[in-house]
Amino acid sequence: MEDRNPRSLKILTTFLILIILGLLFFGIIIYKITTARQSLTLTTTKADIAIRGDIYSSDNFTLASSQKLYKVSVNTASINPDKKELFIKLFSIYSGIDMEEIAQKLKRYGYITLSYSITPNVAKSLKQLNSKLLAYDVFQEYRDKNDRIYQKMGLSVEVSGISRIYPYNDALEPVLGYVQKQEIGPLTTPNGIKGVERYKNNSLEPKQNGIIQGKRDIGFNVIYDKNSKQQERQDGDDIRLTINLRLQKKIEQLLDTFNKQYQAQEIVAGIMNPRDGSIIALASTNRFDPKNIQSTQNLDASVSEHSFEPGSTIKPIVFSILLEKNLINPLEPIDLNKGFYQLGKYTIKDDTYPSKNSVTQDVLIRSSNVGMVKLTKKLSGQEFYDGLKSFGISEITGIELPYEKTGVIPSPQKLTREIYKASASYGYGLSTTFMQLLRAYGVFCNDGILINPHLVQYSIDYNGESHLPEISGIRAISAVTARKIQEILIKTVQEGTGKRAQVDGLIIGGKTGTARIAKKGGGYDNLYNGSFFGFAKDEKHTYTIGVVAFGSHGKEDYYGSQTAAPIFKEIVKVMQEQDFFQK
């Protein structure tokens, strides 16, 4: 017995050592497996992508909005081979992607992207599908080539970019503008290129992505607990325009109809409240679908990016400068030289034979070039120049559109010369923009105050705070002069060149204009710009309205009285129908 005890003890000791070694080895295996799994389950960071702000009309229609696009990915090694067909069928049903396309992509091994352009609604459905696939063990654990074990990995649905949506296609183009895609890291985001989208790009673009950080589950979702961290998302500002979409659409249709007859290069029209400068409508026949731009032509907003010789629409402005300086009396007789005036080697003539008993205000009412030449002789070059400047001619309007042109007026020195002064008096030898003329005509209905036009009613930031634009104005002429010009412009419609602009039940005033288009190399083409600028008012409401038909053909109707005035009239009638005036 004494000899056997040491041997038994030795055997027992050896047995215990083997057990300890076995447990230690097993522990190491368990530790490696656990470590491999934990390496995939510790923490994850999710970005809550901020989006570009929306643009609305004054009558609450969404003109432009942003939508997130999602990328959906899967690790093919994690798909149970026995349930691969089930995965393909269900994913096709939920995503709308063809089964053959999915099957083809699943032939690749490893982490693959099934789509980069999943809409938010589909992305939400795919997240729901992911939960079901995990519950039915469509996904499984797997070993890599190094025999490391990975837990089951479901679908990954992440934001891949931002898409810009224009629900009304070409409405309000090119004023609204368009965007182009730009790459910022892994995301594709819109960047404003033209129109309001460009001018207000800094305001519209997203300010800060949200960040969510914490432990994740097997579906790649962050587990919210006391240790998770969040950074608030800050989207771009939303912008509400002064544009009334219902009116805008009607005017666009109206311009399209007229242009079938006139075949002009472009017809534009605008409506402004002269009291605060708000633009109610700003339409063009040259429109485009911002999501389907076929050409780089006709993408400019001609109302601000195109300058032209204004023709006779400049006459009320020049007439008011003279009247303001007490250089003329509207009722004083004037000799209009039977409609002809010789100025050096140039012969200036009127389109109609003047009355024998003409008075000074008939120069405007009958649109006499001869009369304007004779009257402006009373102005010095500096007075002429300063007067045009006081109406904002050749000065940017500040309208919320990029690349605004200024136009050109002759220098005070040039305006001392008879030829320059004469041609400028009836709208040649100087250039202006549509927006400048619309702003200038607002002076006559705003007691002589020049108000800068604006398209933005207000913007709303990510905190919900509203920001109003600054409305600025300067005195161009006295209220007395403004009211007198208004009276003469009303007579111009009642008795003179603007008869076709009359509308029953409203007070209408305005001035026609016709100017040949200058060639780049000098001289004039056989194309004309026909225009009408004026106002429509009742007891409570007043609107300044402008119409220009650019590039009308000389063989067709091209005078402003024949093209723009009738369009003006129909615009006012549409405004009556939509209750912009009292009934």
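## Burial and overall make-up

In this predicted model, 52% of the 583 residues of the chain count as buried. The accessible surface of the chain comes to about 28800 Å², and carbon and sulfur atoms account for 49% of that area.

The secondary structure consists of 16 helices and 25 strands. Among contacts in the chain between residues at least 6 apart in sequence, 72% join residues that are at least 24 apart.

## The surroundings of I239

I239 is placed in strand β12, which covers residues 238-241, and has a relative accessible area of 1%, so I239 falls under the 20% limit and counts as buried. Leaving out residues up to four places away in sequence, I239 touches D54, I55, Y56, K200, S203, L204, V456, Y458 and S459.

## Aromatic pairs

The count of aromatic pairs comes to 14. In one of them, the ring centres of Y178 and F288 are 5.8 Å apart and the ring planes stand at 85 degrees, so this pair is edge-to-face. Because Y178 belongs to strand β8 (residues 178-184) and F288 to the loop between β14 (279-284) and α8 (302-305), the pair ties together parts that are 110 residues apart in sequence. Y178 is buried, with a relative accessible area of 8%, and F288 is buried as well, with a relative accessible area of 9%.

Elsewhere in the list of rings, F391, F434, Y441, F444 and F533 are linked by ring pairs into a cluster.

Terms used. Residues are numbered from 1 along each chain as its sequence is written. This is a predicted model: local features need pLDDT of at least 70, side-chain atom pairs count only at pLDDT 80 or more; totals for chains, interfaces and linings use all residues. Side-chain values use heavy atoms; hydrogens and water are left out. Helices (H or I, at least four residues) and strands (E, at least two) are DSSP runs, numbered from the N terminus. Buried means under 20% relative accessible area, exposed over 50%, partly exposed in between (1.4 Å probe, protein chains only). Contact means heavy atoms within 4.5 Å. Accessible areas come from the Shrake-Rupley method with a 1.4 Å probe; for residues, only the protein chains shown count as cover. Rings of Phe, Tyr and Trp (its six-membered ring) pair if their centres lie within 6.5 Å; planes under 30 degrees apart count as stacked, over 60 as edge-to-face and the rest as tilted.
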